[in-house]
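Trainee: I have a model open and would like to go through it residue by residue. Can we start with what is shown below?

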Amino acid sequence: MLIRKPHAICPSEITPPDLFRRRREWIKAAGAGAAALGLSAGLPGAAQAQRIRLFGVRKSPLSIDEKQTPYEAVTTYNNFYEFGTDKSDPAEYAGRLKTQPWTVTVEGEIKRPKVYDIEELMKLAPLEERVYRMRCVEGWSMVIPWAGFSLSELIRRVEPTANAKYVEFTTLADPRQMPGLRSSVLDWPYVEGLRLDEAQHPLTLLCMGVYGEMLPNQNGAPVRLVVPWKYGFKSGKSLVRIRFQEKEPQTAWMRSSPSEYGFYSNVNPEVDHPRWSQATERRLGEITKRKTLMFNGYGDQVASLYAGMDLKKFI
Ligand code: MTE
């Protein structure tokens, strides 16, 4: 999602040879990065080079049955501005990210605040494969087999108080590991937010894997959010804090560009971005554009969350 380089949005086709070339470069860079950090083969920090398999991931009825975007595209065409604004930057530079040890602080309006170690978090509930449609605000989309469990599993355990109306998600901002933080494209750290009922919706995924393996760093290792009925930027990567609060969170995109990005950010083909249409999208690997679906096609499951709201106003 670019706010300063409009010429770079809505990219045209990505040719498979280009993807494969980028991937080869990336594997080289990631391997060098992991070696420099002294990471051993078993650690998540080396996952992008080692491709660590997740065991016991069960299928989920919440998955869609559509052709999946190839692994190479999912892991080399990314937005993760902490590593740069080009689509190939995360795959090239995220190998430096050390994802072990890693903790996620869960705090705020809850009865059981806790700092979760990533290993403990991963064992909180059985991992499920969730094949979701993902739509970026820039106009491209993918179908991705994520692995994780509903965020509601965590929310239930920490027991929100009656004051908890919203959930704020903060992601890592470490200038020693993230070269993109030198740029002022966003006011770091990357912060996103959901209403509590959105966060509790079964589709909202606390995600640790993709394609049956641990998340590669460029996709948000070791843990990220995936909210499939909203534009991709709501799905914060490399989470370090989850805070329950009474007030609507100020998200990083709202702070940077309030005239372009609202809090809700539901996929709505009827509301154009101020600088481009949202009526269609290009599925990676396809030539012909598709019509974008309301709520990214998840209307049956989520439309009731917004009953009575004007979704042209609450964008
Ligand atoms: N999370 C962080 N921390 N930083 C980012 O720049 N980009 C967002 C989102 N999460 C972003 C982020 C955007 S714009 C998109 S489209 C998705 O991540 C992309 O996720 P993917 O690369 O795994 O497809």
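Trainee: Is arginine 195 buried or exposed?

Mentor: This is a predicted model, in which local features need pLDDT of at least 70 and side-chain atom pairs count only at pLDDT 80 or more, while totals for chains, interfaces and linings use all residues. Residues are numbered from 1 along each chain as its sequence is written, and side-chain values use heavy atoms, with hydrogens and water left out. Buried means under 20% relative accessible area, exposed over 50%, and partly exposed in between (1.4 Å probe, protein chains only). Arginine 195 has a relative accessible area of 13%, so the word is buried.

Trainee: Which side chain does arginine 195 join in a polar contact of 3.3 Å?

Mentor: A polar contact is a pair of N or O atoms within 3.5 Å; within protein, one must be able to donate a hydrogen and the other to accept it, and residues adjacent in sequence count only if both atoms are side-chain atoms. Arginine 195 lies in strand β7, residues 191-195, where strands (E, at least two residues) and helices (H or I, at least four) are DSSP runs numbered from the N terminus. The contact of 3.3 Å from the side chain of arginine 195 goes to that of tyrosine 264.

Trainee: What polar side-chain distance separates lysine 237 from an oxygen atom of the ligand?

Mentor: Around the ligand there are 17 residues, counting those with a heavy atom within 4 Å. The closest are Asn78, Tyr81, Glu82, Arg224 and Lys237. A side-chain N or O atom of arginine 224 is 2.6 Å from a ligand oxygen. For a polar side-chain atom of lysine 237, the distance is 2.7 Å.

Trainee: How much of the ligand does the protein bury?

Mentor: Accessible areas come from the Shrake-Rupley method with a 1.4 Å probe. Taken alone, the ligand exposes 530 Å². The part of that buried by the protein is 97%.

Trainee: Why are the buried residues of helix α6 on the same side?

Mentor: The buried residues of α6, residues 151-158, are Leu151, Leu154, Ile155 and Val158. They lie on the same side of α6 because they cover an arc, taken from the directions from the helix axis to the C-beta atoms, of only 100 degrees. An α-helix has 3.6 residues a turn, so residues three or four places apart point the same way.

Trainee: What is the phi of glutamate 159?

Mentor: At 29% relative accessibility, glutamate 159 counts as partly exposed. Most residues other than glycine have a negative phi. Glutamate 159 is not a glycine, yet its phi is positive, about 55 degrees.
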